Each structure stands twice: as C-alpha cells, then as structure tokens.
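I opened the model to go through its surface, its helices and its confidence values. My notes follow in the order I looked things up.

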Amino acid sequence: MHPYLLRASVLALSGLLVSSVWAQADEARAKKIVGGVCFMCHGADGESSSEVFPRLAGQHWEYTAKQLDNFKTGKRKSTAMADMVAKLSPDEMVALGKFFESKLPPAEPPKDTGLAAVGQSIYHKGNKLSGLPACASCHGEAATGSASLPRLAGQYPAYTANQLKQFNQRERTSDNAVMHAIASKMSPLEMAAVAEYLSGK
C-alpha cells in the first residue's frame, strides 16, 4: 500500500476508535443522569411513567437537547424541569438526547379508533373550512419529525393535546411561532383527535 494511503487509513481508523470511545463515555454519562433523575418521570428508556410526561424514546437528539437548554434558560417554562436541568452542561444535554433517541418508542394502538380516524384525516389533510394546514406538511407523513421538529408518533395523547392547548394559549413560546397560528385554528375536538391518532403511529 502507498505510504500516503496507509497513513490516511490509520488516521481514519484512529478517528473511528476515538469517536467510539467518546460515544461510550457519553452513553455512560447519560445513563448515570437518567438513573439519578430522569427515570422517575420519563422512564429508564424514555418510555415515560405517565401521560403527564412526554415519551422521549426515539425523539431526535437535537430537539431534546434544545428543549433541555430552553428549560435551563427559562425560554420554556417548567418549575420542575428548571430544577432538573439546572446543573446540566451542553455536552450532557446532547448525551441525554442521543441516549433517548437510540431507544425504541413503545408501539400501542389508539384506544379510541373512531377519534383516531378523525385525527388521521386532520393530520394528513388539515381542515379547509378553518384554514388548518395538514400537520404532515411539517412533521412528516409518518410523524417522525426532524432535527428541529419533534417526533410526534407514539406520544401519549394527553401530552400531545396539552401541548397544543399551551401553544393556543401562548403558554408555550419557546418553539416555532407557526404553532401558535396552527393551534389557534384547532378546536378542542380536533386537538384530541390528532393526539389520539398520533399515539398509535
């Protein structure tokens, strides 16, 4: 092998090994934080212990890290979360995000199939009468979101509906302002229906 190619191969391999070591260290650090604080509400693998708390399993790490930072800086209000994130460093927020993203979200069918059917139509088609756009246009056909938009698939319906209400009432202002306009076009029934549909995705 040519010396330059050999050197490049060695450097590439070294980079992979270093990356792997850092990934293992971050995972260990995240597990320690989750085991000390997060698991009480969000579960050891992000499955969540109650509909009051969001499921974090499968959520994009960038989105989770951003929310943790918003709680710490006060951009997103929560007395409970502010205390939990007070001592977290940016690196730890990223580590936690990547830890939860690596977990598989629970798969459960919706409890109210009739309501979910209404929600499916709204999610994919919107409501032309009220000017409500399709949720899928931003969050994706499978509701898996993106780095900047949350995964909604598999989330507890009560949590999703509550967040929509908070956007509508301007109680949640840390994310995309577009959500304020969208939520304001949704009736309580539409919020509940979309949330029920998403819970079974």
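I began with the surface of this predicted model. F39, M40 and M84 make up a nonpolar patch there, and their accessible area together is about 290 Å². I placed M40 in helix α1, which covers residues 3–42.

Next I checked the confidence. The mean pLDDT of the chain is 89, and 88% of the residues reach 70 or more. Residues 5–19 have a pLDDT below 50, and in the model this stretch has two contacts beyond near neighbours in sequence. I note that residues 3–42 are assigned to α1.

For the overall build, I found nine helices and zero strands. Of the 201 residues in the chain, 38% are buried. Among contacts with a separation of 6 or more, 65% join residues 24 or more positions apart. The chain exposes about 11,400 Å², with carbon and sulfur atoms supplying 62% of that area.

I ended with helix α9, residues 188–199. Its 12 residues should span 16 Å at 1.5 Å a residue, and the end C-alpha atoms lie 17 Å apart, which agrees. Is α9 mostly covered or mostly open? I found α9 mostly covered, with nine of its 12 residues buried. E190, M191, A193, V194, A195, E196, Y197, L198 and S199 are the buried ones. Their cover includes α5 (113–125), α7 (157–168) and α8 (178–184).

Note on methods: Residues are numbered from 1 along each chain as its sequence is written. This is a predicted model: local features need pLDDT of at least 70, side-chain atom pairs count only at pLDDT 80 or more; totals for chains, interfaces and linings use all residues. Side-chain values use heavy atoms; hydrogens and water are left out. Patches are made of residues with over 30% relative accessible area and no salt bridge: like charges are joined within 9 Å, nonpolar side chains (Val, Leu, Ile, Met, Phe, Trp, Tyr) within 5 Å. Accessible areas come from the Shrake-Rupley method with a 1.4 Å probe; for residues, only the protein chains shown count as cover. A salt bridge is a side-chain nitrogen of Lys or Arg within 4 Å of a carboxyl oxygen of Asp or Glu. Helices (H or I, at least four residues) and strands (E, at least two) are DSSP runs, numbered from the N terminus. The expected span of a helix is 1.5 Å times one less than its number of residues. Buried means under 20% relative accessible area, exposed over 50%, partly exposed in between (1.4 Å probe, protein chains only). Contact means heavy atoms within 4.5 Å. pLDDT is the predictor's confidence in each residue, from 0 to 100.
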